[in-house]
Amino acid sequence: MRWLLALFCLSFATLSQASAVGTYDGKVIEKVLVLKSAHQLQLINDGKPLKTYRISLGRNPRGQKLMEGDRRTPEGFYWIDWRKVSDKFNLAMHISYPNISDSARSRRENVDPGGMIMIHGTPDTEENPESLFHTLDWTDGCVAMRNVDMREVWNLVPDGTMIEIRP
């Protein structure tokens, strides 16, 4: 039965990718890769980075997100599943955290896994200029980028794109 569910999910993912394809420099963006230790977000084609961006992470960046409020950025395979314009963070793309493994671990440990993990821009006000945030890990677990970089990623990466977050 599990293989049937896996086949269904794979078929759905394939169909959703076919309907919305992002390209950069004429090449299809196959996935988004986040390398937490390097503070990088990469747009990937054929296993190679097409474009790399500097990112900020949760205030407690090392290790897997275990529960709501731990200020860690999750690790694993997810999808960019929807997006919104944010008053606080400019543009924001939602990451489908928690995945099945995250939810199972949370149930075993009887904790809330949290949610609303996003790739988003940076506040940019007179009191809090964007430059204050660029080299700090300051989010509650999200992946943050300079607003100019976020606008580019927003335009290049469609909903339904896989995102892998590595330590």
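Residues are numbered from 1 along each chain as its sequence is written. In this predicted model, local features need pLDDT of at least 70 and side-chain atom pairs pLDDT 80 or more, while totals for chains, interfaces and linings use all residues, and side-chain values use heavy atoms, leaving out hydrogens and water.

Student: At which residues does UniProt place the feature "active site"?

Tutor: The record is an unreviewed entry, and such annotations may be inferred rather than shown by experiment; feature names are shortened and positions follow the numbering used here.

Student: Is His 120 buried or exposed?

Tutor: Buried means under 20% relative accessible area, exposed over 50%, and partly exposed in between, with a 1.4 Å probe and protein chains only. The relative accessible area of His 120 is 3%, so His 120 is buried.

Student: How many aromatic pairs are there in the whole structure, and which kind is that of Phe 89 and Trp 138?

Tutor: Rings of Phe, Tyr and Trp (its six-membered ring) pair if their centres lie within 6.5 Å; planes under 30 degrees apart count as stacked, over 60 as edge-to-face and the rest as tilted. The search finds two pairs. Phe 89 and Trp 138 lie 5.8 Å centre to centre with 40° between the planes, and their pair is tilted.
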